[in-house]
Amino acid sequence: MANPIASLIIRGRIIEDDLVEFGGRGGALQFRAPDPHKYAAQLPVASPAALADLYDLRFDDILDYLAELGARLDIDRNAYLQEARELTYQTAPTTRPIVDTFYRGISSLFRRERVRAIAEHAIGIRYLEGWVEQAPDEGVRGFVRAFGARTLHVIAGNSPTVAAETVIRNAMTRSDCIIKLPSNDPFTAIAIAKTMCDFAPHHPLTRHCALGYWRGGDTEVEGLIYQPHHIEKIIAWGGHNSVKHVTRYIQPGLELISLDPKYSISIVGPEALADEKSLREVGLRIAIDVGVVNQVGCVNARVVYVLTDGSDEQLRRVNTLGQYTYEEMVGLPTSVSTKPKRYDPQLRSHVESIRLQDDYFNVIGGQGGEGCVIVSQLPEPVDFSTSLADRTANIVPVSSLEDIVRRIDAHTQTVGVYPEELKERLLNVAPLYGAQRLVSLGHALNHPPWLPHDSLELDRRLCKWIVNEVAPPVTELSFAASRPGATVIPGTKYPFTIEAYAVDA
Amino acid sequence: MNSVPAPRVRETAPSLREEARQLMASPGAFFHHSVDEMHGIARSRLDDLQLQAAALCFEEQVERIPMVAKLAGNQGIKRIEAVEDIVPLLFEHTMYKSYPVSFLGNRQFDKLTTWLNKMTSVDLSQVDARGCDSIDGWLDLLAETTELDAVTTSGSTGTMSFIARMKTDIERGFRSNRITEFQSFGRPVAPGSVDGLIHVIWPIYADGHLMSFRAGQYLKKIFAQGREDHFHALYPEKGSSDLMWLAAQLRAAAARGDASRVDVPPNLLARRAELEAQQANMGKHQMAFVESLAETLRDQRVYCMYPSYPLYQVAARGLAAGRSCHFSPDSSLGTAGGSKGMPLPEDWAEQVSRFFGIERLERYYGMSEITGLSKMCPAGRYHTQPWIIPFILDPDTSALQPRRGVQKGRGAFFDFTLRGHWGGIITGDELEIDFSGPCACGQTSTHMSPVVERFGAKRGGDDKITCAAAPQAHTDAVEFLTTFS
């Protein structure tokens, strides 16, 4: 049977001709796609002026479109999405039940209330709709409007929601997007775009979306597209690997927004060890932040620091906490967490080696590749803590906050904290070391989309913030003839403008 | 009158158990120092011997090596009755760096000694390492006061592995491997191959605690019979493990994007000037080395076996200086270990052959944890030494694959000659082993495809700093030290 086709979707047109083979190495997905060399020139929008049709839309029209699109992206009724899901099962890092959960959730991302909330809180709808006066001045008035940009999105393929979020962001900001599809999941974005073509092929929001697959680093394609006269911004997910092909094209006029891979931690205060009830509750909270979506998210916790007084008794309780965390983790509902698809063999080798070093490490579970909890018996994480994955958590007993914060750096994204009082103490300290998002333990996997991401205001960053300055009229002016040999401009609010030449009444 | 016949004195053939002991004690002697015997032994006989040897080795070591006892206890294994019984007892290669990293960072060598003690049959409980303030100092102490020569390999995550090798084990390994290095299967054996005096070419530091430095001293003792004038090292100094540690820290810090947290050992800081001077002399040593190979060793019988990158560097230096070598045809020159991530040009092997004046380099596969060096035969296959039992495990689950036919997966080995540490190791390599009949070259030993890949590398993981990168890592570390304020 022939390999599936990853169509090229160019601004309302679905292209499936001139197919070439891609992928297949090392178990990767094999698919056919239209030869990108033949179509690269058609991907960028013809000219910047072509974005004008987006400004005939009101924000409510945008919401209408997205709501309609969202309704049609019901996994139970959308054949394109079903096909994408089927093909993604193979390459997704998570298991079928979790993939199903992701696809079921796509539709609700497009809800009117949600998109409105993102636009309002992250950007301010009035900025999208018109010119908003800023800091009124008695003289020159300043107005700002958020315009869309011609943007290239290099998206990650390990979660189908990224494709949906990209389409939503693009529409919301009245931008034009070219989406470079990832080889591990080209199909979700295509399914969304095909749905757009189905119900509104000529709508401006459909026409300002192009997507396709080409090999990252294909200079013939990228050299053509990645030029300031074609695109203004590049947003690249996935860190170094996706960015390394892109950086050579960055020049004035082409802005790069790079989202690097992050890792996340949890911090637990000694209150968790006080009694059985707390141990149980905190065990569940940790299990959720570690185990939901099988720890594939940047928000998932990997190392869990627990503050103790250093006594043997508290260490015993930390080990108990580890046991409860493990029990809760393997007991999470399968729609959000399962035995990992494949427990990384390198990680397994490390875990099995330290399992035998029981003076220093207590390894709970993991014999069946289901994930495990490693409780350090000394106040340090395992040496391989940055490669923890597949539902593997490392609980580390420490005696001071200092022990924890010195291990926080710019790669630390989410810090889940218990109890709330401890989070208060960390609020103005952890960010200094690099932490970007503090949450209550157990809430790591909920990221309100209108809040900054990785310490960036992503939605604002995707806009171009354009300024209109309106100067008051000047009635009478003095001209050069009346100012022979003048070397000094008389006192005025705006010495460098025409204001300086107004004749006072 | 009945006469009672005189009792016939009959020599009892040694039992299988006794033969296995002989094989364990000296593979060389067992095979009469002949590669034809070593790689011509009937497979069924070798299988029997290997099983006996594995059983004997386990019997001994389960009493002596705490970590083996622990594994055996956890698995409920009391004896070895089939060779497969060994598999649950194999150590992950990560075992050798399974200590809390702070022990090294805080220079708590007494705690590291306690950790190391669990993985050796040698009793280290009387070793007082509290006064050691450097990795080299600690390893020197072990080497000077015990039967161990603990060697290191360094890793990119900043973790060093420590393997408690017993000196006699290391020696036995070199002597045994010499048989395959200096003899070709089915060909006449040149005189002196087994124990004659050989010039040793050592394209790295003369000594040090990295296995790839330390081995030189054993080669000097065994092949060069202790003679300095027969041991030719590129750099006369001892390569520093502390420098390697610093280099690994730097690399890990660079990967994290934060060099400010690198912990610089005070003893290295104190040696800044000395190390800088060593750096400055490197070029001079390289030229002198090239000269001695090309001139002093003209027509001499030499031995050189080293990873490819350092060999290539020497060859490139030599060729650029317009020099080339001419060694005696009964020399043994080879390479093992691959490029280890260092940038080798396509024609590196041709350059090495050209400089060394040989038709081609011998190829080998081996590792620091065990003694068997697998040599590539004329049919292009690596042959496992008879004192090594090879296994293929499932790459994900480590389940044993059948020891029949051709199997591909994670390589694992058991070296039953080792007394000082446990010879069972699960590697990080993907191997393809043919367990079926003799190879096209005629040798009866199991043989491996020449294609060897690291699992970590395949899945975009590991970025190892290894022995072949040592000079560069040293240089990086010294540069950092000298600019450190």
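**Start with the whole complex.** Show both chains. The predictor gives an ipTM of 0.84 and a pTM of 0.88 for the complex.

**Colour chain A by domain.** Select residues 8-259 for domain 1, 263-440 for domain 2 and 476-505 for domain 3. These bounds come from the domain assignment of chain A. Now look at domains 1 and 2 of chain A. Their centres, taken over C-alpha atoms, are 35 Å apart. Where they touch, seven residues of domain 1 are in contact with eight residues of domain 2.

**Move to the interface between the chains.** Here 18 residues of chain A are in contact with 22 residues of chain B. The side of chain A that touches chain B divides into seven nonpolar, six polar and five charged residues.

**Find a sheet in chain A.** Select strands S5, S6 and S19 of chain A. They form an open sheet in the order S5-S6-S19, with antiparallel pairing. Which strands stand at the edges? They are S5 (132-134) and S19 (464-470) of chain A. Each has a single partner strand, so one side of each has no neighbour in the sheet. From one strand to the next, the twist averages 35 degrees.

Zoom in on strand S6 of chain A, residues 141-147. Seven bridges join S6(A) to S19(A), and the two run antiparallel. Pick Val144(A). The bridge partner of Val144(A) in S19(A) is Val467(A).

Select S7 (residues 332-336) and S8 (residues 362-365) of chain B. Are these strands parallel or antiparallel? S7(B) and S8(B) run parallel, joined by three bridges. To see one pair, pick Ala336(B), whose bridge partner in S8(B) is Tyr364(B).

Ser374(B) is the bridge partner of Tyr365(B) in S9(B).

**End with confidence in chain B.** Colour by pLDDT. Chain B averages 89, and 89% of the residues score at least 70. Then select residues 458-468 of chain B, where the pLDDT is below 50. In the model, this stretch has 33 contacts beyond near neighbours in sequence. Where pLDDT is low, the predicted coordinates should not be read in detail.

Conventions: Residues are numbered from 1 along each chain as its sequence is written. Chains are lettered from A and ligands numbered from 1 in the order in which they are written. This is a predicted model: local features need pLDDT of at least 70, side-chain atom pairs count only at pLDDT 80 or more; totals for chains, interfaces and linings use all residues. Domain bounds come from an automatic or database domain assignment. Two residues are in contact if their C-beta atoms, placed from the backbone, lie within 7 Å. Ala, Val, Leu, Ile, Met, Phe, Trp, Tyr, Cys and Pro count as nonpolar, Asp, Glu, Lys and Arg as charged, and the others, Gly among them, as polar. Two strands pair if DSSP finds at least two bridges between them. Helices (H or I, at least four residues) and strands (E, at least two) are DSSP runs, numbered from the N terminus. Axes are lines fitted to C-alpha atoms, for helices over the stretch in contact, and angles run from 0 to 180 degrees between N-to-C directions. pLDDT is the predictor's confidence in each residue, from 0 to 100.
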